Amino acid sequence: MFQQLFKSIQEKVILTPEEMELCKTFFIPKKLRKKQTLLQEGDICIYNAFVEKGILRSFSMDEKGNEHIVQFAIEGWWITDLSSFLTNSNSIYTIEALEDSELLLLTTEAREALMDKIPMFERYQRLLLQNAYIANQARINSALTETAEEKYTNLGLAYPGIVQRVPQHMIASYLGLKPETLSRVRKQINTRSSF
């Protein structure tokens with residue numbers, strides 16, 4: 001159950017076998033069924049979730065009932081409402097499983113204790129936050145400057161295989177496109193690549 005987590009950690013820092021065993025004691029294994037929520041908008045986010053298996057999405061709803069997907073989390077990724085998780089405030093997002101999923105949950109208290117016990121885990125968390133900030137800036141830049149085709153192409157690079165696992169209307173929502181625009185872009189790409 002911890003294979004993906006330890007792979008993610010070892011890509012950034014080195015833990016001893018003893019630290020890896022200790023690390024396991026801070027996580028809560030959780031299985032979610034497809035369409036089951038981990039977090040509901042308006043609730044306080046009490047978990048930072050690592051995806052061992054499956055895929056989740058984080059989204060908000062506007063006043064017209066339109067979904068706005070802000071993140072997908074595939075195997076090896078973390079997902080949370082960071083603001084709610086760190087400040088104990090109400091979440092503005094819902095987090096939902098798009099497939100049957102296996103997660104490792106970390107509470108705020110467990111996260112703090114784990115960083116105290118294993119200093120390299122604190123470094124790992126810092127590197128994750130640093131990379132998330134960089135990715136967020138790139139996403140904002142993409143939304144402001146890229147064409148629909150560039151957005152779609154870059155999505156495939158950031159989330160390999162996602163277009164086969166996620167409904168197209170959700171892909172469109174994540175990219176800030178209308179479903180018919182995404183359909184047109186996909187058709188143009190497929191027409192060019194068939195030559």
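## Helix 6

In helix 6, the buried residues are A148, K151, Y152 and L155. Viewed along the axis of helix 6, these buried residues fall within an arc of 95°, so they line one face of the helix. This description, like the rest of the report, refers to a predicted model.

Helix 6 spans residues 148-158 and is among the elements that supply at least two residues each to the lining of the largest pocket.

## Largest pocket

The largest pocket holds about 1500 Å³ of space. It is lined by 45 residues, and those closest to its centre are Q71, W77, A132, A135 and Y159. By class, the lining consists of 21 nonpolar, 15 polar and nine charged residues.

Helix 1 (3-10), helix 3 (82-87), helix 5 (119-145), helix 6 and helix 8 (168-175) each supply at least two residues, as do strand 5 (67-73) and strand 6 (78-79). Helix 5 gives the most, with 14 residues. Domain 1 (3-143) and domain 2 (146-195) both contribute to the lining of the largest pocket, so the pocket lies between them.

## Largest nonpolar core

The largest nonpolar core has 22 residues. Within this core, L5, I9, F27, F121 and Y124 have the most contacts. Helix 1, helix 2 (17-24), strand 8 (101-107), helix 4 (108-117) and helix 5 each supply at least two of the core residues. The largest share comes from helix 5, with four residues.

## Helix 1

The buried residues of helix 1 are L5, F6, S8 and I9. They cover an arc of only 155° around the axis, which puts them on the same side of helix 1. The face turned away from that buried side carries the exposed residues Q3 and K7.

## Helix 4

R111 is located in helix 4. Its relative accessibility is 8%, so R111 counts as buried, the cut-off being under 20%. R111 and L144 are 33 residues apart along the chain, and their C-alpha atoms are separated by 35 Å.

E112 is also a residue of helix 4. With a relative accessible area of 39%, E112 is partly exposed. Between E112 and E122 there are 8.6 Å from C-alpha to C-alpha, and the two are 10 residues apart in sequence.

## Positive phi in two loops

Most residues other than glycine have a negative phi. K35 has a phi near 75°, a positive value in a residue other than glycine. K35 is found in the loop between strand 1 (28-32) and strand 2 (37-39). At 62% relative accessibility, K35 counts as exposed, because exposed means over 50%.

N88 has a positive phi as well, near 65°, and is likewise a residue other than glycine. N88 sits in the loop between helix 3 and strand 7 (94-97). The relative accessible area of N88 is 55%, so N88 is exposed.

Conventions. Residues numbered from 1 in each chain as written. Predicted model: local features only at pLDDT ≥ 70, side-chain atom pairs only at ≥ 80, totals over all residues. Heavy atoms only, no water. 1 Å grid on protein atoms, 1.4 Å probe; cavity = no way out; pocket = protein on both sides within 12 Å on 5 of 7 lines; lining within 4 Å. Points joined across faces, edges and corners; volume = space filled by probe spheres on them. Nonpolar A, V, L, I, M, F, W, Y, C, P; charged D, E, K, R; others polar. Domains from an automatic or database assignment. Buried < 20%, exposed > 50% of the residue type's maximum accessible area, 1.4 Å probe, protein only. Arc of directions from axis to C-beta. Core = buried A, V, L, I, M, F, W, Y, C linked by side-chain atoms within 4.5 Å.
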